[in-house]
Amino acid sequence: MAASLPRTPDVHLLQTEAGGHVFLPDGSRLFDADPGLFQRFAAAMDTGGVNPLLDQLGVRGAPAIDDLPLAAPPVHALSLAIAQKCNLGCTYCYAQQGEFGGAAQNMSRQAAEQAVDLLVNGAAPGARLNLAFLGGEPLANRELLQQTTRRARALADERGVTLGFSITTNGTLLTEEDATFFEAFGFAVTVSLDGPREVHDRLRPFKSGKGSFDRIMRNVAPLLAGQKRMQVTARVTVTPRNLALRATLDELVGAGFHTVGFSPLLRSPGGDAELAHDDLELMLGEMIDCGREFERRTRAAQPYPFANMLNALREIERGTHRPYPCGAGAGYLGVSAEGELAACHRFVGDADGAMGSLQEGIDARKRAAWLSERHVHRQEPCQRCWARYLCGGGCHHEVIARGRPACDYIRGWLHYCLGAYLRLTAGTGVSSGQSIPAGRDEVSLR
Ligand code: SF4
Ligand code: SF4
């Protein structure tokens, strides 16, 4: 983690087998630097004189991201908690076994229709929208899921907008008919799995205590076999009890998932299974082990669908720089079974992320306040962190509830991914090849 610690907010240095590299957070730009220039940057970071050097190199202009909060954009993604109930008893569940601290309930047909109207009728022609089904366990309310999907697709076609569907499921209620339905509508299906059988069964048992792994793998088989338009992803919630990530990744990739991704558990309702600093250090080692295998397989032209790596490389390639970690409270909102609007699916029933209701509409004042307060320039210590425009300040839900215990992990992972990007693109022509005159030095813009 030492190489990724924050030294200055304006520059981050990294070295690969090919030499030294300079990452500029402003605009997420990545440069190669010859040894002399690399040393000048290292010295300037020690003396706090980085900006004059950037000026001298001509790579500092108006900041790509200013302090202004995002103006509330049209909603382009909604998640519906269509069943606030669940048949599993995962103790760490942010939704408290699906019920978000209230009574078990299903969303009404009227609420689902209003939500679809909000999403589709408010969209500009040509917009790309997403409708997500979550819970609890959304398949506990299958009939409404199917009705809502059909109606949303018809409405989207009428209005000439593109609408994608997604579902996050525990997999225990999946049927062959679901596989056919999801394939027909091109769903992105995410199945929660926390590791090989024994590990998974300890973390995600049925409420009775019985393990759920065998049932899920049996149920998911027709989906894995039928993926054409549909994509089936495994998502692993990482806790101190399932840190053997490489073994998990290999098993789930081998099972035929389209991608497999890891998500660290930083906050749970009772604090159960939250990752502590030492756990996160172990997790980083495991993630890098998975990443190294990804690099090896990629060079050998073999698929290895490690979602975290694929996402990070895509963002680095795009030069993503953003003032928020995600679209929560901006283009993305969550809808509770009762029709309350929230900043995202995790804020259902939580006053911190309340955004109005389907009946009364989006609360524009709360949304504007959210976008202002959650801007990464308003977050501490993000303002001084080199990773701020790739990270965006961390998941709002976790940060509000627990603070920022994972910054070293986040920076360590991004540092590794930047290096992996440089290694994988070296000599492939991905670099733009632009050079910037830099006095006697030259840096080449990748
Ligand atoms: S939350 Fe992200 S941007 Fe903020 S300090 Fe931590 S790593 Fe940096
Ligand atoms: S706030 Fe957190 S849980 Fe909600 S959408 Fe953003 S990253 Fe995801």
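## Cis peptide bonds

Pro381 sits in the loop between helix 11 (364-373) and helix 12, and in this predicted model a cis peptide bond with an omega of about 0° joins Pro381 to Glu380. A cis peptide bond also joins Gly135 and Gly136, where omega is about 5°, and Gly136 belongs to the loop between strand 6 (128-135) and helix 4 (142-159).

## Positive phi angles

Ser28, although not a glycine, has a positive phi of about 45°, and its place is the loop between strand 2 (19-24) and strand 3 (29-33). Ser28 counts as buried because its relative accessible area is 9%, which falls under the 20% cut-off.

Ala273 likewise has a positive phi, near 70°, in a residue other than glycine; Ala273 is part of the loop between strand 10 (259-264) and helix 9. With a relative accessibility of 6%, Ala273 is buried.

## Surroundings of the two ligands

The shell around ligand 1 is made up of Cys382, Cys385, Arg388, Cys391, Gly393, Gly394, Arg404, Cys407, Ile410 and Arg411. Helix 12 (388-391) and helix 14 (407-425) each contribute at least two residues to the shell around ligand 1, and the largest share, three residues, comes from helix 14. Sorted by class, the shell around ligand 1 holds five nonpolar, two polar and three charged residues.

Around ligand 2 are Cys326, Ala328, Tyr332, Cys344, His345, Arg346, Cys395, His396 and His397. The classes in the shell around ligand 2 are five nonpolar, three polar and one charged.

## The second largest pocket

The second largest pocket holds about 260 Å³ of space, and of the 18 residues that line the pocket, Asp10, Asp26, Pro63, Arg388 and Tyr389 lie nearest its centre. Helix 2 (50-57) and helix 12 are the elements that give two or more residues to this lining. By class, the lining of the second largest pocket comprises eight nonpolar, three polar and seven charged residues.

In soluble globular proteins, nonpolar side chains tend to be buried together. The largest nonpolar core has 103 residues, of which Leu131, Phe182, Phe187, Phe257, Phe262 and Phe306 touch the most other members. Helix 14 supplies the largest share of this core, ten residues. Another core, of 17 residues, lies apart from it and includes Leu13, Leu24, Phe31 and Leu37.

Phe257, when its neighbours within four places in sequence are left aside, is in contact with Val191, Leu193, Met217, Val220, Leu224, Val232, Thr233, Ala234, Leu252 and Pro305.

Arg423 is a residue of helix 14, and Arg423 counts as buried because its relative accessibility is 16%. Beyond its neighbours within four places in sequence, Arg423 is in contact with Thr16, Glu17, Arg292, Glu295, Arg299 and Tyr416.

Tyr304 is found in the loop between helix 9 (277-299) and helix 10 (307-318), and at 3% relative accessibility Tyr304 is buried as well. With neighbours within four places in sequence again set aside, the contacts of Tyr304 are Arg246, Leu249, Asp250, Cys290, Glu293, Phe294 and Arg297. The C-alpha atoms of Tyr304 and Gly412 are 21 Å from each other, and the two residues are 108 residues apart along the chain.

Technical notes. Residues numbered from 1 in each chain as written. Chains lettered and ligands numbered in written order. Predicted model: local features only at pLDDT ≥ 70, side-chain atom pairs only at ≥ 80, totals over all residues. Heavy atoms only, no water. Near = heavy atom within 4 Å. Helix = DSSP H or I, 4+ residues; strand = E, 2+ residues; numbered from the N terminus. Nonpolar A, V, L, I, M, F, W, Y, C, P; charged D, E, K, R; others polar. Core = buried A, V, L, I, M, F, W, Y, C linked by side-chain atoms within 4.5 Å. Buried < 20%, exposed > 50% of the residue type's maximum accessible area, 1.4 Å probe, protein only. Contact = heavy atoms within 4.5 Å. 1 Å grid on protein atoms, 1.4 Å probe; cavity = no way out; pocket = protein on both sides within 12 Å on 5 of 7 lines; lining within 4 Å. Points joined across faces, edges and corners; volume = space filled by probe spheres on them.
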